[in-house]
Amino acid sequence: MLNRRSLIGAISAIALLAASGPAVLAQDQVDIALISKGFQHQFWQAVKAGADKAAAEFGANVTFEGPESESQVDRQMDMLAAALSRQPDAIGFAALDSQAAVPLLQQASDAGIPIVAFDSGVDSDIPLTTATTDNVAAAALAADKMAELIGGEGKVAVVAHDQTSRTGIDRVDGFVNRMKEAYPNIEVVSVQYGGGDQLQSTEITKSILLANPDLKGIFGANEGSAIGVANGKTELGSEIVVIGFDSGAAQKGMVESGVMAGAITQNPVGIGYETVKAAIGALNGEELPEVIDTGFYYYDATNMTDPEIAAVLYD
Amino acid sequence: MTDTTAPGQKTGIRISGAFHRLLAFSGLIALVVVFSLASPNFMQTQNILAILQATSVNGVLAIAATLVIITGGIDLSVGTLMTFCAVIAGVILTYWGLPLPLGVIGAILAGTVVGFTSGTIIAKLKVPPFIATLGMMLIMKGLSLVISGTRPIYFNDTPGFTQISLGSMVGSVIPGLPIPNGVLILFAVALLAAFILGKTALGRYTFALGSNEEAVRLSGVNVDRWKIAVYALAGSICGVAGLLIASRLNSAQPALGQGYELDAIAAVVIGGTSLSGGRGTVLGTLIGALIISVLANGLRILSVAQEWQTVVTGCIIILAVYADILRRRKL
């Protein structure tokens, strides 16, 4: 029994050491902790890729973490607290709920650790800058393209991920307001939320289509929503115009095949890259702008392979 | 979840419980030692407090799950019930503007009522606990979204609310040791649950139900009543968890909660409580919850890539349960 117990102990120790092995790092490198809103999602992996690129370029050690789902606000707080205990030189933070994070951000600020916000802003003046997409303008571009494709009149709908996050609010507002202001003959008949879940968004799309047989198009406001909308369209054999948001292998395939007319892409690689670059700039005492616009593009089957677009699309 | 343990092994149960606690406890100590040696940033007051803070919600949920699991049941609704209770507190305090104590009572009462309902469905309608609480998990998830209008409810109008979790009574007495109130609440809930399990009729029936429900029934005990009581108690503890998380975030986040039941159950299992019922301790669960948070925190401090953190956590859970199996084979 004792032998077995020590065996278990030994296995645990080996597992731990094996896992922590690559983490043993040179102490003289700048240490930057990025706390993201997600991790597994391809979008966040692209942000991570950008951060890693900047890390290699500037010789920094960068860690990247995020909760399993974008509702786990408390888990993100635990990650931020652990990152603070690690005493990094700088922190990059994409807040799930900007209010909840304020006490910890204050703690970081008191400890003199510079903070760079990324993806979505924080309602606080603690972050030195925010590296983000202008989501209102990006969704307005989606509205323009939708109007063009449906001939400037008819009914459209929006399937978005949520109405609590900054990106959810900005993209819906950007699309709906642009339609109201610039296209009086287009009516947004429905705005629904599917939590960014493909399956849920599919079901929502089907119910919208069944309720509005004369619908001309749907805007899917993030990757999961957009894929869900396209799947709903396919399942019902509908001919509506679908415009998506972000990329990913599935969505790229749908744009290629024409199920989706096109999509807006952010520049996630740029978001990660600019965040790390701004953090290093802050450590070097550089002046940073309040917002770093990381840009967005509209892509469809005709321009997907242009080098400028292909560089920001991710699988 | 059927049960084969013969009754009348009380001494054996007690000894094995103590032994397993020792095993889980030495596991916790081993982790703390490894991390302390690996990084000077681990054994800092600030970080220890962060670990305890991270344990508070999962610890309270795991205690609720422990009670139910000892009866041989399972409660998958603890996570979303917690969220539901947080939302109820938000409705009472923010929407209705009522005073803080009413919000606290309301959240705990909501948890109790929902737990009572789950217990009734299981005991009276004979729906298996897995199914009944799976259904309740979804009902709570949906109702939280409906009631809150899918937006977080903030507690900005209730200034004392964040003190429930983030304030520090200890810190106001001993300034160098600002243990958050949320951690004290976790310990208080643990003491209360341990007292109920060890010293009351409800506790004795909780174990008896898990060991041999049929025998308890045949000896003329009103099994349904006690079973419902256990689920209601677990529900009220979820209400406490709801207050803790809402207070920590200064908001009731309606989309949160699903998946948290698995972390709670993991803590219970690591702590040596048997999923087939009849056996378990609150102290073990507490240690199990601490192991999970120490592991997560330590791996983060060591800058271990997140993918590997998940792998290591999975290994530790399997090892903990394997150790439990070895021990039982020995008995």
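Q: Helices are DSSP runs of H or I with at least four residues, and strands are runs of E with at least two. On that basis, how much of residues 32-287 of chain A is helix, and how much is strand?
A: This is a predicted model. Over residues 32-287, chain A is 49% helix and 21% strand. The end C-alpha atoms of that stretch are 19 Å apart. Chain A as a whole has 11 helices and 12 strands.

Q: What does UniProt list for residues 32-287 of chain A?
A: The record gives "domain: Periplasmic binding protein" for them. That comes from an unreviewed entry.

Q: What is the mean pLDDT of chain A, and where does pLDDT stay under 50?
A: pLDDT is the predictor's confidence in each residue, from 0 to 100. For chain A the mean is 88. Of its residues, 91% reach 70 or more. Residues 19-26 of chain A stay under 50. For that stretch the model has 12 contacts beyond four places in sequence.

Q: Which domains does the assignment give for chain A?
A: Domain 1 takes 29-133 and 268-295, and domain 2 takes 135-266. The C-alpha centres of the two domains of chain A lie 29 Å apart. Their contact takes seven residues from domain 1 and nine residues from domain 2. The domain 1 side has two nonpolar, four polar and one charged residues.

Q: Why does the radius of gyration of chain A agree with a compact globule?
A: Compare the value with what the chain length predicts. A compact globule of 315 residues would have a radius of gyration near 20 Å; chain A has 22 Å, so the two agree. The C-alpha trace of chain A spans about 70 × 60 × 40 Å along its principal axes.

Q: How many of the residues of chain A count as buried, and what share of contacts joins residues 24 or more positions apart?
A: Burial comes from counting neighbours: 20 or more other C-beta atoms within 10 Å make a residue buried. In chain A, 57% of the 315 residues count as buried. Take the contacts in chain A with a separation of 6 or more: residues 24 or more positions apart account for 71% of them.

Terms used:
Residues numbered from 1 in each chain as written. Chains lettered and ligands numbered in written order. Predicted model: local features only at pLDDT ≥ 70, side-chain atom pairs only at ≥ 80, totals over all residues. Contact = placed C-beta atoms within 7 Å. Domains from an automatic or database assignment. Nonpolar A, V, L, I, M, F, W, Y, C, P; charged D, E, K, R; others polar. UniProt positions renumbered as here; feature names shortened; annotations may be inferred. Rg over C-alpha atoms; globule rule 2.2 N^0.38 Å. Buried ≥ 20, exposed ≤ 12 C-beta atoms within 10 Å, placed from the backbone.
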